[in-house]
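Please look at the sequence and the 3D structure shown here before reading on.

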Amino acid sequence: MAETPTPRATIGIISLGDMGSGLARLLVAHGYAVATNLTGRSQDTHARAAAANVQTLPTDAALLNTTSLVLSVVPPRDALATAQRILAALPLATPRTATNPLYFADMNAVSPGSVRAIAALFAGTPVRFIDGSILGGPPSPPKPAVPVVEQGGKGEGWAVVAGPPGVGDWTRPLLPTSGPWGIADVEGVHGPHLAGVLRAKHIGREVGAASGLKMCFASLSKGYAAIAVQTVTTARRLGVLDDLKEALGQLAPGNLERMERGVVGMGPKAYRWVREMEEISATHAGEGEDQDGGFAPEYIFRGAAEVFRTVAEDTVLGREKVGKRERGTTADDVADVIVEGLRERKRKRTEQTEQTGGSPYLDPVS
């Protein structure tokens, strides 16, 4: 029996959602071990860890003892708390020194101001902070060769969709980083090779650059999804959704494809995108001491946040799971579901109004 090759190094990932587990599979496929702490996480998360061959550890301190690099890949609302977890685990783990530092890469969709505040937590500690971001969808492996029937029914052959598994065969997002350190600088984990596997390009020495790039990128991608959600919903309520799709198909087929793709993929992620839109809004506005975008006040992406909040909290799309879809698999059904949700929300508010004597469009003051 062939021996299992020794991993290049162990990489820590918190947590294993759709993106985190995709990165884990990519790393394992290219010779790395991956570890995480799943205390308190759902059965779905444990299943993703098992499917990706990720080692699960009982504590954050145990995780820090296995690796020199932790990637934080969590919903934006959890970015600060995840950094605080690492900070709290440091005294419980094997002591780190200047010659044996821990690298912590915040890869989350947060504003430059937010990531600067997170980086400041690690000042004076043996943690080297990396500002990172993820542009694109989760990594996916090469497609295997598939059987095909020759034209004319003469028999089966094989169509090789991709060659032997290699880094270039995977579909991978971009992982820009910035700050004093990048992924290639991490000692003990084959940094330059790891950066190549992850497509981790270092774009600048300032913390905030990588996160700012993410915010601008997502403004166009997820911001468009918010517009598309409102568009298909309103068109359905006006009875012109089919006409809209026909017109787009004739005049702007690319926009039709983008609209349908945006609304269909959005449902299970809407709860995450609420905070992401708020972070984008803060980026464009330059709130507080950070004057990143300079637009003040900034309303566009606060409105987008409310669109996704409506989807997440007032429709059944908010209960959908990636890979386990039941509703919202077409643009038409997305529109139907949201129309249903808005009607139900209005009904509840009307009932509430009758009880409180207020307006059905304003939440009662407690």
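The structure is a predicted model, in which local features need pLDDT of at least 70 and side-chain atom pairs count only at pLDDT 80 or more, while totals for chains, interfaces and linings use all residues. Residues are numbered from 1 along each chain as its sequence is written, and side-chain values use heavy atoms, with hydrogens and water left out.

**Confidence**

pLDDT is the predictor's confidence in each residue, from 0 to 100. For the protein chain its mean is 88, and 87% of the residues reach 70 or more. Over residues 148–165, pLDDT stays under 50. The model has 26 contacts beyond four places in sequence for residues 148–165, where contact means heavy atoms within 4.5 Å.

**The sheet**

Helices (H or I, at least four residues) and strands (E, at least two) are DSSP runs, numbered from the N terminus. Two strands pair if DSSP finds at least two bridges between them. An open sheet is formed by eight strands in the order 3-2-1-4-5-6-9-10, with mixed pairing. Strand 3 (55–57) and strand 10 (202–204) each have a single partner strand, so one side of each is left without a neighbour in the sheet. Strands of a sheet pair through backbone hydrogen bonds, either parallel or antiparallel.

Strand 1 (residues 10–14) pairs with strand 4 (residues 69–72) in the parallel sense, over three bridges. The bridge partner of I14 in strand 4 is S72. Helix 4 (residues 79–89) lies across strand 1, strand 2 (33–37), strand 4 and strand 5 (102–106). The angle of helix 4 to strand 5 is about 170°; axes are lines fitted to C-alpha atoms, for helices over the stretch in contact, and angles run from 0 to 180 degrees between N-to-C directions.

**Two backbone features**

Most residues other than glycine have a negative phi, and most peptide bonds are trans. I14 and S15 are joined by a cis peptide bond, with omega about 5°. S15 is in the loop between strand 1 and helix 1 (18–29). N53 has a positive phi, near 60°, and is placed in the loop between helix 2 (43–51) and strand 3.

**Helix packing**

| Pair | Angle | Axes apart |
|---|---|---|
| Helix 7 (residues 209–238) and helix 10 (residues 270–285) | about 125° | 10 Å |
| Helix 7 and helix 11 (residues 300–314) | about 60° | 9 Å |

Helix 7 is thus oblique to helix 10; angles under 35 degrees count as roughly parallel, over 145 as roughly antiparallel, 65 to 115 as roughly perpendicular and the rest as oblique. Helix 7 and helix 11 are also oblique to each other.

Residues of helix 7 that meet helix 10 include K214, M215 and A218, and those of helix 10 include W273 and E276.
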